[in-house]
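Here is a short tour to read alongside the model.

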Amino acid sequence: MDRTLLVVDDSKLARMVVAGILGRVQPGWQLVEAGNAQEALEIVRQGRVEIVLVDFNMPDVDGLSLIASIRETHPDIPMAVVSANAQDTIIARARALDAAFIEKPLKDDALKAFLSGAALRLKRASK
Amino acid sequence: MTDMGFDLSEIERDALTEIVNIGVGRAATSLSVMIKEPVQLSVPKTELLRRVEAAELLTGFASAGLVSVGQEFRGAFSGQALLIFPEANSFELVRAVLGEGMGLEEVIDLEQEALAEIGNIILNGCLVVVANMLKRGLTMSLPQVTRGSGHAILAAEDGASSLEPVLFLRIEFKVAARDIEGYIALLMDLPSLASLRVLIRGYIDNLGSEAAGG
(Lines give C-alpha, C1' and ligand atoms only; values in the text may rest on other atoms or scores of the structure.)
Protein backbone atom coordinates (compact mmCIF):
# COMPACT_ATOMS: atom_id res chain seq x y z
CA MET A 1 0.00 0.00 0.00
CA ASP A 2 1.37 3.42 -0.96
CA ARG A 3 1.88 5.90 1.86
CA THR A 4 2.38 9.64 2.23
CA LEU A 5 5.56 10.90 3.86
CA LEU A 6 6.24 14.38 5.22
CA VAL A 7 9.82 15.65 5.23
CA VAL A 8 10.55 18.71 7.38
CA ASP A 9 13.93 20.33 6.73
CA ASP A 10 14.97 23.96 6.26
CA SER A 11 17.54 22.80 3.70
CA LYS A 12 16.23 22.33 0.18
CA LEU A 13 19.23 20.12 -0.56
CA ALA A 14 18.26 17.82 2.31
CA ARG A 15 14.66 17.61 1.04
CA MET A 16 15.97 16.80 -2.45
CA VAL A 17 18.05 13.97 -0.99
CA VAL A 18 14.94 12.47 0.69
CA ALA A 19 12.93 12.83 -2.55
CA GLY A 20 15.72 11.05 -4.46
CA ILE A 21 15.93 8.13 -2.04
CA LEU A 22 12.14 7.77 -1.75
CA GLY A 23 11.93 7.56 -5.56
CA ARG A 24 14.37 4.65 -5.46
CA VAL A 25 13.14 2.69 -2.43
CA GLN A 26 9.37 3.37 -2.50
CA PRO A 27 8.60 4.81 -5.94
CA GLY A 28 4.82 4.74 -5.43
CA TRP A 29 4.84 6.77 -2.23
CA GLN A 30 4.01 10.46 -2.10
CA LEU A 31 6.25 13.08 -0.59
CA VAL A 32 5.04 16.29 1.05
CA GLU A 33 7.68 18.89 1.95
CA ALA A 34 7.80 21.52 4.70
CA GLY A 35 10.62 24.02 5.21
CA ASN A 36 9.80 24.83 8.84
CA ALA A 37 7.96 23.60 11.92
CA GLN A 38 4.89 25.80 11.48
CA GLU A 39 4.23 24.55 7.96
CA ALA A 40 4.77 20.99 9.18
CA LEU A 41 2.25 21.34 12.03
CA GLU A 42 -0.37 22.67 9.63
CA ILE A 43 0.16 19.76 7.20
CA VAL A 44 -0.04 17.21 10.02
CA ARG A 45 -3.16 18.91 11.45
CA GLN A 46 -4.88 18.58 8.06
CA GLY A 47 -4.24 14.83 8.23
CA ARG A 48 -2.45 14.80 4.87
CA VAL A 49 0.48 12.59 5.92
CA GLU A 50 1.02 9.21 7.56
CA ILE A 51 4.76 9.23 8.32
CA VAL A 52 6.99 12.14 9.37
CA LEU A 53 10.74 12.77 8.93
CA VAL A 54 12.14 15.78 10.80
CA ASP A 55 15.54 17.47 10.63
CA PHE A 56 16.98 18.26 14.09
CA ASN A 57 18.93 21.48 13.49
CA MET A 58 16.39 24.04 12.21
CA PRO A 59 15.92 27.75 12.88
CA ASP A 60 13.17 28.72 15.40
CA VAL A 61 11.97 25.28 16.54
CA ASP A 62 14.33 22.29 16.71
CA GLY A 63 13.24 18.93 15.34
CA LEU A 64 12.72 17.23 18.70
CA SER A 65 10.44 20.02 19.92
CA LEU A 66 8.44 19.69 16.71
CA ILE A 67 8.17 15.93 17.20
CA ALA A 68 7.01 16.47 20.79
CA SER A 69 4.26 18.83 19.55
CA ILE A 70 3.09 16.36 16.89
CA ARG A 71 3.18 13.51 19.43
CA GLU A 72 0.67 15.33 21.65
CA THR A 73 -2.04 15.10 19.00
CA HIS A 74 -0.81 12.04 17.06
CA PRO A 75 0.36 9.45 19.60
CA ASP A 76 0.80 6.70 16.98
CA ILE A 77 2.18 8.41 13.87
CA PRO A 78 5.59 6.95 12.89
CA MET A 79 8.26 9.65 13.08
CA ALA A 80 12.03 9.89 12.77
CA VAL A 81 14.61 12.58 13.50
CA VAL A 82 17.15 12.91 10.70
CA SER A 83 20.41 14.53 11.73
CA ALA A 84 24.17 14.43 11.60
CA ASN A 85 24.03 15.38 15.28
CA ALA A 86 24.08 11.79 16.58
CA GLN A 87 24.93 12.69 20.17
CA ASP A 88 23.88 10.06 22.71
CA THR A 89 21.62 12.58 24.46
CA ILE A 90 19.78 13.47 21.25
CA ILE A 91 19.22 9.84 20.28
CA ALA A 92 17.89 9.19 23.80
CA ARG A 93 15.49 12.16 23.56
CA ALA A 94 14.22 10.86 20.20
CA ARG A 95 13.59 7.42 21.72
CA ALA A 96 11.73 8.96 24.64
CA LEU A 97 9.37 10.55 22.09
CA ASP A 98 8.92 7.19 20.36
CA ALA A 99 10.77 8.49 17.30
CA ALA A 100 13.54 6.75 15.35
CA PHE A 101 16.91 8.39 14.76
CA ILE A 102 18.36 8.30 11.24
CA GLU A 103 21.81 9.66 10.65
CA LYS A 104 22.82 12.18 7.96
CA PRO A 105 24.17 11.81 5.35
CA LEU A 106 21.06 9.82 4.63
CA LYS A 107 21.59 6.46 2.95
CA ASP A 108 19.04 4.46 0.94
CA ASP A 109 19.19 1.46 3.31
CA ALA A 110 18.68 3.50 6.47
CA LEU A 111 15.64 5.34 5.13
CA LYS A 112 14.22 2.16 3.59
CA ALA A 113 14.48 0.31 6.90
CA PHE A 114 12.64 3.08 8.74
CA LEU A 115 9.93 3.31 6.07
CA SER A 116 9.35 -0.47 6.08
CA GLY A 117 8.99 -0.43 9.87
CA ALA A 118 6.63 2.54 9.66
CA ALA A 119 4.47 0.86 7.00
CA LEU A 120 4.21 -2.25 9.14
CA ARG A 121 3.19 -0.20 12.14
CA LEU A 122 0.50 1.61 10.14
CA LYS A 123 -0.81 -1.70 8.80
CA ARG A 124 -1.06 -3.17 12.30
CA ALA A 125 -2.78 -0.04 13.63
CA SER A 126 -5.45 -0.19 10.90
CA LYS A 127 -6.43 -3.78 11.77
CA MET B 1 54.02 29.02 21.82
CA THR B 2 54.67 28.78 25.55
CA ASP B 3 54.17 32.33 26.82
CA MET B 4 50.36 32.22 26.91
CA GLY B 5 50.15 30.71 30.35
CA PHE B 6 48.36 27.57 29.27
CA ASP B 7 49.16 24.54 27.27
CA LEU B 8 48.35 20.85 27.16
CA SER B 9 50.85 18.21 28.25
CA GLU B 10 52.09 15.78 25.63
CA ILE B 11 49.75 12.98 26.70
CA GLU B 12 46.76 15.37 26.83
CA ARG B 13 47.60 16.66 23.38
CA ASP B 14 47.94 13.09 22.09
CA ALA B 15 44.55 12.17 23.57
CA LEU B 16 42.91 15.26 22.07
CA THR B 17 44.50 14.55 18.67
CA GLU B 18 43.23 10.98 18.86
CA ILE B 19 39.67 12.05 19.68
CA VAL B 20 39.68 14.67 16.95
CA ASN B 21 41.18 12.17 14.54
CA ILE B 22 38.26 9.80 15.08
CA GLY B 23 35.83 12.72 14.78
CA VAL B 24 37.33 13.95 11.54
CA GLY B 25 37.45 10.39 10.25
CA ARG B 26 33.71 10.26 10.67
CA ALA B 27 33.35 13.69 9.04
CA ALA B 28 35.41 12.46 6.06
CA THR B 29 33.20 9.36 5.79
CA SER B 30 30.15 11.64 5.64
CA LEU B 31 31.74 13.76 2.92
CA SER B 32 32.74 10.66 1.01
CA VAL B 33 29.16 9.31 1.15
CA MET B 34 27.82 12.64 -0.13
CA ILE B 35 30.19 13.00 -3.09
CA LYS B 36 30.73 9.27 -3.76
CA GLU B 37 34.53 9.71 -3.92
CA PRO B 38 37.32 8.82 -1.49
CA VAL B 39 38.51 11.59 0.83
CA GLN B 40 42.12 11.76 2.07
CA LEU B 41 42.96 13.28 5.46
CA SER B 42 46.17 14.63 6.95
CA VAL B 43 47.20 14.13 10.58
CA PRO B 44 45.56 16.78 12.84
CA LYS B 45 47.79 19.67 13.93
CA THR B 46 47.09 21.21 17.33
CA GLU B 47 48.62 24.59 18.12
CA LEU B 48 48.13 27.29 20.70
CA LEU B 49 48.13 30.52 18.68
CA ARG B 50 46.84 34.05 18.77
CA ARG B 51 43.65 34.35 16.76
CA VAL B 52 45.38 36.55 14.20
CA GLU B 53 48.14 33.97 13.71
CA ALA B 54 45.55 31.26 13.04
CA ALA B 55 43.94 33.62 10.50
CA GLU B 56 47.28 34.16 8.76
CA LEU B 57 47.74 30.40 8.45
CA LEU B 58 44.37 30.11 6.74
CA THR B 59 44.96 33.07 4.44
CA GLY B 60 48.25 31.48 3.41
CA PHE B 61 46.30 28.41 2.33
CA ALA B 62 44.47 30.22 -0.48
CA SER B 63 45.42 33.79 -1.32
CA ALA B 64 42.51 34.16 -3.76
CA GLY B 65 39.86 33.94 -1.03
CA LEU B 66 38.22 31.32 1.15
CA VAL B 67 34.76 30.04 1.89
CA SER B 68 33.94 28.70 5.31
CA VAL B 69 30.95 27.02 6.87
CA GLY B 70 31.10 27.61 10.61
CA GLN B 71 29.14 26.29 13.56
CA GLU B 72 29.47 27.45 17.13
CA PHE B 73 29.33 24.75 19.77
CA ARG B 74 28.52 25.31 23.45
CA GLY B 75 28.59 23.09 26.49
CA ALA B 76 31.27 21.96 28.96
CA PHE B 77 33.65 23.52 26.44
CA SER B 78 32.82 25.97 23.68
CA GLY B 79 34.27 27.09 20.41
CA GLN B 80 33.85 27.12 16.71
CA ALA B 81 34.05 24.32 14.14
CA LEU B 82 34.87 25.32 10.58
CA LEU B 83 34.92 23.71 7.17
CA ILE B 84 37.20 25.88 5.05
CA PHE B 85 38.25 25.69 1.41
CA PRO B 86 39.41 27.96 -1.40
CA GLU B 87 36.50 29.85 -2.94
CA ALA B 88 37.42 28.31 -6.30
CA ASN B 89 36.49 24.85 -4.90
CA SER B 90 33.09 25.82 -3.52
CA PHE B 91 31.12 25.36 -6.73
CA GLU B 92 32.80 22.02 -7.50
CA LEU B 93 32.00 20.71 -4.02
CA VAL B 94 28.32 21.62 -4.33
CA ARG B 95 28.20 20.11 -7.83
CA ALA B 96 29.81 16.91 -6.56
CA VAL B 97 27.12 16.59 -3.86
CA LEU B 98 24.18 17.47 -6.13
CA GLY B 99 25.29 15.04 -8.85
CA GLU B 100 25.94 15.43 -12.55
CA GLY B 101 22.27 15.54 -13.54
CA MET B 102 21.83 19.04 -12.13
CA GLY B 103 21.92 22.08 -14.46
CA LEU B 104 24.41 24.91 -14.00
CA GLU B 105 21.74 27.42 -12.96
CA GLU B 106 20.25 25.08 -10.38
CA VAL B 107 23.70 24.50 -8.87
CA ILE B 108 24.30 28.26 -8.68
CA ASP B 109 20.87 28.78 -7.07
CA LEU B 110 21.47 26.14 -4.45
CA GLU B 111 25.15 26.84 -3.77
CA GLN B 112 24.83 28.88 -0.57
CA GLU B 113 22.29 26.72 1.21
CA ALA B 114 23.87 23.49 -0.05
CA LEU B 115 27.19 24.62 1.45
CA ALA B 116 25.45 25.22 4.78
CA GLU B 117 23.89 21.74 4.76
CA ILE B 118 27.14 20.04 3.66
CA GLY B 119 29.04 21.90 6.41
CA ASN B 120 26.38 21.01 8.96
CA ILE B 121 26.70 17.29 8.17
CA ILE B 122 30.51 17.26 8.12
CA LEU B 123 31.04 19.40 11.23
CA ASN B 124 28.36 17.61 13.24
CA GLY B 125 29.96 14.31 12.29
CA CYS B 126 33.18 15.48 13.90
CA LEU B 127 31.73 17.24 16.96
CA VAL B 128 29.41 14.37 17.84
CA VAL B 129 32.37 12.03 18.23
CA VAL B 130 34.14 14.53 20.49
CA ALA B 131 30.98 15.04 22.59
CA ASN B 132 30.19 11.32 22.87
CA MET B 133 33.79 10.29 23.66
CA LEU B 134 34.12 12.95 26.35
CA LYS B 135 30.57 12.16 27.55
CA ARG B 136 29.40 15.77 27.44
CA GLY B 137 26.48 17.20 25.46
CA LEU B 138 27.19 20.04 23.06
CA THR B 139 24.70 22.47 21.57
CA MET B 140 25.43 23.28 17.95
CA SER B 141 24.34 26.51 16.24
CA LEU B 142 22.96 26.68 12.71
CA PRO B 143 25.69 26.69 10.05
CA GLN B 144 26.89 30.06 8.79
CA VAL B 145 28.57 30.56 5.40
CA THR B 146 31.34 33.23 5.27
CA ARG B 147 33.49 34.31 2.34
CA GLY B 148 36.76 36.24 2.50
CA SER B 149 40.23 36.02 4.02
CA GLY B 150 41.31 33.93 7.00
CA HIS B 151 41.00 37.12 9.06
CA ALA B 152 37.34 37.59 8.11
CA ILE B 153 36.52 33.95 8.79
CA LEU B 154 38.13 33.90 12.25
CA ALA B 155 36.91 37.41 13.19
CA ALA B 156 40.55 38.47 13.65
CA GLU B 157 40.49 41.69 11.66
CA ASP B 158 41.40 44.01 14.51
CA GLY B 159 40.89 44.74 18.17
CA ALA B 160 41.78 42.88 21.32
CA SER B 161 40.14 39.64 20.24
CA SER B 162 42.67 39.21 17.42
CA LEU B 163 45.43 38.85 20.03
CA GLU B 164 43.46 36.41 22.16
CA PRO B 165 45.11 32.97 22.43
CA VAL B 166 43.15 30.09 20.96
CA LEU B 167 43.63 26.37 20.60
CA PHE B 168 43.65 25.84 16.85
CA LEU B 169 43.21 22.33 15.52
CA ARG B 170 43.29 21.73 11.79
CA ILE B 171 43.17 18.79 9.44
CA GLU B 172 43.63 19.03 5.71
CA PHE B 173 41.31 17.02 3.47
CA LYS B 174 41.61 16.26 -0.23
CA VAL B 175 39.29 14.80 -2.81
CA ALA B 176 41.79 13.91 -5.52
CA ALA B 177 39.19 12.87 -8.12
CA ARG B 178 37.48 16.26 -7.86
CA ASP B 179 40.49 18.47 -7.24
CA ILE B 180 38.89 19.70 -4.01
CA GLU B 181 40.94 20.44 -0.91
CA GLY B 182 40.29 22.21 2.35
CA TYR B 183 40.53 22.25 6.12
CA ILE B 184 38.39 21.12 8.97
CA ALA B 185 39.32 23.31 11.92
CA LEU B 186 38.32 23.64 15.57
CA LEU B 187 38.93 26.80 17.52
CA MET B 188 38.64 27.04 21.31
CA ASP B 189 39.44 29.84 23.74
CA LEU B 190 41.42 29.38 26.95
CA PRO B 191 38.56 29.01 29.48
CA SER B 192 37.23 26.21 27.25
CA LEU B 193 40.66 24.69 27.10
CA ALA B 194 40.76 24.45 30.90
CA SER B 195 37.43 22.54 30.97
CA LEU B 196 38.48 20.45 28.00
CA ARG B 197 41.68 19.50 29.81
CA VAL B 198 39.67 18.13 32.75
CA LEU B 199 37.55 16.02 30.39
CA ILE B 200 40.59 14.78 28.48
CA ARG B 201 42.21 13.72 31.77
CA GLY B 202 39.03 11.84 32.67
CA TYR B 203 39.14 10.17 29.28
CA ILE B 204 42.80 9.18 29.74
CA ASP B 205 42.10 7.83 33.26
CA ASN B 206 39.21 5.75 31.92
CA LEU B 207 41.44 4.28 29.23
CA GLY B 208 43.78 3.15 31.99
CA SER B 209 41.07 1.52 34.08
CA GLU B 210 39.50 -0.16 31.05
CA ALA B 211 42.89 -1.58 30.09
CA ALA B 212 43.49 -2.78 33.68
CA GLY B 213 40.07 -4.44 33.78
CA GLY B 214 40.87 -6.25 30.53
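How are helix 1 of chain A and helix 5 of chain A oriented to each other: roughly parallel or roughly perpendicular? Please bear in mind that this is a predicted model. The axes of the two helices, helix 1 and helix 5 of chain A, come within 10 Å and cross at roughly 70 degrees. Angles of 65 to 115 degrees count as roughly perpendicular, so helix 1 and helix 5 of chain A are roughly perpendicular to each other. Their crossing is right-handed.

You can find the meeting point by picking out side chains. From helix 1 of chain A come A:Ile21, A:Arg24 and A:Val25, and they meet A:Asp108, A:Leu111, A:Lys112 and A:Leu115 of helix 5 of chain A. Sorted by class, this contact holds four nonpolar and three charged residues, with no polar ones.

**The sheet of chain A**

Now look at the strands. Chain A has an open sheet of five strands in the order 2-1-3-4-5, with parallel pairing. At its edges are strand 2 (30–34) and strand 5 (100–103) of chain A, each of which pairs on one side only. On average, neighbouring strands of this sheet are turned by 25 degrees against each other, direction ignored. In general, strands of a sheet pair through backbone hydrogen bonds, either parallel or antiparallel.

| Helix of chain A | Lies across (chain A) | Angle and reference strand |
|---|---|---|
| Helix 1 (residues 12–25) | Strand 1, strand 2 and strand 3 (51–55) | About 175 degrees to strand 2 |
| Helix 3 (residues 63–73) | Strand 1, strand 3 and strand 4 (79–83) | About 175 degrees to strand 4 |

**Backbone details**

A few spots in the loops deserve a look. A cis peptide bond joins A:Lys104 and A:Pro105, with omega about 0 degrees. A:Pro105 is found in the loop between strand 5 and helix 5 (108–126) of chain A.

Which phi does A:Asp98 have, although it is not a glycine? A:Asp98 has a positive phi of about 55 degrees. A:Asp98 belongs to the loop between helix 4 (88–96) and strand 5 of chain A. With 13 other C-beta atoms within 10 Å, A:Asp98 is partly exposed.

B:Lys135 is not a glycine, yet has a positive phi of about 55 degrees. B:Lys135 lies in the loop between helix 4 and strand 5 of chain B. B:Lys135 counts as partly exposed, because it has 13 C-beta neighbours inside 10 Å.

**Where the chains touch**

Finally, zoom out to both chains. The contact takes 15 residues from chain A and 19 residues from chain B. On the side of chain B that touches chain A, helix 1 (10–35), helix 4 (104–133) and strand 5 (138–140) of chain B each supply at least two residues. Helix 4 of chain B gives the largest share of that side, twelve residues. By class, the residues of chain B on this side divide into eleven nonpolar, six polar and two charged.

Notes
Residues are numbered from 1 along each chain as its sequence is written. Chains are lettered from A and ligands numbered from 1 in the order in which they are written. This is a predicted model: local features need pLDDT of at least 70, side-chain atom pairs count only at pLDDT 80 or more; totals for chains, interfaces and linings use all residues. Two residues are in contact if their C-beta atoms, placed from the backbone, lie within 7 Å. Helices (H or I, at least four residues) and strands (E, at least two) are DSSP runs, numbered from the N terminus. Ala, Val, Leu, Ile, Met, Phe, Trp, Tyr, Cys and Pro count as nonpolar, Asp, Glu, Lys and Arg as charged, and the others, Gly among them, as polar. Two strands pair if DSSP finds at least two bridges between them. Axes are lines fitted to C-alpha atoms, for helices over the stretch in contact, and angles run from 0 to 180 degrees between N-to-C directions. A residue is buried if 20 or more other C-beta atoms lie within 10 Å of its own, exposed if 12 or fewer, and partly exposed in between; C-beta atoms are placed from the backbone. Angles under 35 degrees count as roughly parallel, over 145 as roughly antiparallel, 65 to 115 as roughly perpendicular and the rest as oblique. A crossing is left-handed if the near helix is turned anticlockwise from the far one by less than a right angle, and right-handed if clockwise.
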